Number of protein chains: 2
Amino acid sequence: MAQKTAPDSTRRSERSRRAIYDAALALVTEAGYAKLTIEAIAARAGVGKQTIYRWWPSKGAVLLDAFLDLAEQASRAASENAGQDAVQTEITDSGDLEADLKFVMRATVDEFNDSKYDAPYRALAAEGLLNPELGEEFVAKLLEPQLQLFVNRVRRAQDAGHVLPDVDPRIALELWASPLAQRWLMRSGPLTHAYADKLVEYALYGITPRPTAS
Amino acid sequence: MAQKTAPDSTRRSERSRRAIYDAALALVTEAGYAKLTIEAIAARAGVGKQTIYRWWPSKGAVLLDAFLDLAEQASRAASENAGQDAVQTEITDSGDLEADLKFVMRATVDEFNDSKYDAPYRALAAEGLLNPELGEEFVAKLLEPQLQLFVNRVRRAQDAGHVLPDVDPRIALELWASPLAQRWLMRSGPLTHAYADKLVEYALYGITPRPTAS
């Protein structure tokens, strides 16, 4: 988008859009996805239903965009805290793959443990399971772009000779990313930094004894 | 249960129970979880609503038991095909961990690709995400018992010196089990035997170069 002054209608639209996102996120947290309706979002956001229908085909689509916006704001805030000008779009390459992956995984644990994300992300994941179209959007817009960062970092490690050349990065990343997501979704175990560290260590070095170099 | 002749009422109950399971599984596949109701299950099974309410507190609870029963029947059938008298309750220990894990993972891929399981399992997983009580039951009755088989097999491998002694088996198994479940749930990639094999190989040996023994 151009950095010039936006015309009034654009600013109004932007204000409405933000009010709609805030309303959708608040309502799903307070009442749950089953009770979320376009009517309720419109009422809370102080906009007409038609405004919402003009931009989104369903309540799931509104919630997905609201969540993507929330995630983008979070990365912007994290970048500013780190004193960076722009949102970081790649995983740092310090030359130490283990340290770089642990850093990202620990940050992901902290995010998953932040209640702000809980209701909307859980609702989107559940709805995506049952509704293949929304599921596809969820994967394409939210999941795959995040996983791609791991693909890029593993590729760089392969270039540096730190990861075996015949390893498929898109599969390898699942060894640490999927268990974390699965534990969170199924509430099947605690999400801690120590747990994240172990996933990275097991995936990088394997769980079987390595022959010692002589 | 005793192997003596069951009284008539028990046999009637057993027939009703099976009719209810069949109805719940058929309805969720045909119409989806949102449209599943106790009324519809009762009508299709030819039993009174009260019969269902006497045994289960909710439609999610009926579906969970129906799915557990389906899974049990499948293991019984698999055992009979393999010429075994009893359902196999542990993963085979051939002494070759890689081969034993690949065998189980390939069978799991085949199950996930069987459309019979698709709608009910997906519905249970989605409902478990939103409804913590059902989610807890889903994890306790279905997920954890399956994962425990991997824990036992990894422990035996540790006893044999094939897995590092300080590895936590409950975490290690997630490196191969969670990616498969995640891909299936999110439809985020193809589920093939080759994919299952790679997960096992990466987890056992790691994705970084191993020093060669001299």
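What follows is a short chat about a predicted model with chains A and B.

User: How do chain A and chain B relate, and by what turn?

Analyst: This is a predicted model. Chain A can be laid on chain B by a turn of 180 degrees, with a shift of 0.0 Å along the axis. The RMSD is 0.1 Å. The two copies are thus related as by a two-fold rotation axis.

User: Which residue of chain A comes closest to that rotation axis?

Analyst: G206(A) does. Its C-alpha is 1.8 Å from the axis.

User: OK, the interface. How many residues are in contact?

Analyst: 50 residues of chain A are in contact with 50 residues of chain B. Between them, the chains bury about 4700 Å². Carbon and sulfur atoms account for 66% of that area.

User: Which residues in chain A lose the most area to chain B?

Analyst: L129(A), M186(A) and I207(A). Together they make up 17% of what that side buries.

User: And why say the copies meet through the same surface?

Analyst: Because 100% of the interface residues of chain A are also interface residues in chain B.

User: What does A172(B) touch?

Analyst: Leaving out residues up to four places away in sequence, A172(B) touches Y202(A), I207(A) and V167(B). I207(A) is also one of the chain A residues that lose the most area to chain B.

User: Where is A172(B) found, and is it buried or exposed?

Analyst: A172(B) is in helix 8 of chain B, residues 169-172. It counts as buried, because its relative accessibility of 1% is under 20%. F150(B) is 22 residues away in sequence, and the two C-alpha atoms are 9.1 Å apart.

User: New topic. Where is the kink in helix 7 of chain B?

Analyst: At E144(B), shortly before the proline P145(B). The kink is about 40 degrees, and the helix covers residues 132-159.

User: What follows helix 7 of chain B?

Analyst: G161(B) does. The phi of G161(B) is positive, near 80 degrees.

User: What about helix 7 in chain A? Is Q158(A) there buried or exposed?

Analyst: Q158(A) sits in helix 7 of chain A, residues 132-159. Q158(A) is buried, with a relative accessible area of 16%. Beyond its neighbours within four places in sequence, Q158(A) is in contact with V163(A), L164(A), P165(A), V167(A) and P169(A).

User: Which residues of chain A does the UniProt annotation cover?

Analyst: The unreviewed UniProt entry carries "domain: HTH tetR-type" for residues 14-74 of chain A. That span is 80% helix and 0% strand. Its end C-alpha atoms lie 19 Å apart.

User: Which helix holds I38(A), and what does I38(A) touch?

Analyst: I38(A) lies in helix 2 of chain A, residues 38-45. I38(A) is buried, at 6% relative accessible area. Not counting residues up to four places away in sequence, I38(A) touches K49(A), I52(A), Y53(A), S58(A), K59(A) and V62(A). A78(A) is 40 residues from I38(A) along the chain, and their C-alpha atoms are separated by 32 Å.

User: How many residues has the largest nonpolar core?

Analyst: 136 residues. Those with the most contacts inside the core are I41(A), I52(A), L63(A), W176(A), I41(B), I52(B) and W176(B).

User: Take L63(A). What is L63(A) in contact with?

Analyst: Leaving aside neighbours within four places in sequence, L63(A) is in contact with A24(A), L25(A), V28(A), Y33(A), L36(A), P120(A), A123(A) and L124(A).

Technical notes. Residues are numbered from 1 along each chain as its sequence is written. Chains are lettered from A and ligands numbered from 1 in the order in which they are written. This is a predicted model: local features need pLDDT of at least 70, side-chain atom pairs count only at pLDDT 80 or more; totals for chains, interfaces and linings use all residues. Side-chain values use heavy atoms; hydrogens and water are left out. The bend at a residue is the angle between axes fitted to the seven residues ending there and the seven starting there. Helices (H or I, at least four residues) and strands (E, at least two) are DSSP runs, numbered from the N terminus. Copies are superposed by least squares on the C-alpha atoms of residues with pLDDT of at least 70 in both. Contact means heavy atoms within 4.5 Å. UniProt positions are given in the numbering used here, feature names are shortened, and annotations may be inferred rather than shown by experiment. Buried means under 20% relative accessible area, exposed over 50%, partly exposed in between (1.4 Å probe, protein chains only). A nonpolar core is a set of buried Ala, Val, Leu, Ile, Met, Phe, Trp, Tyr and Cys residues joined through side-chain atoms within 4.5 Å. Buried area is the accessible area (1.4 Å probe) that two parts lose on being put together, summed over both.
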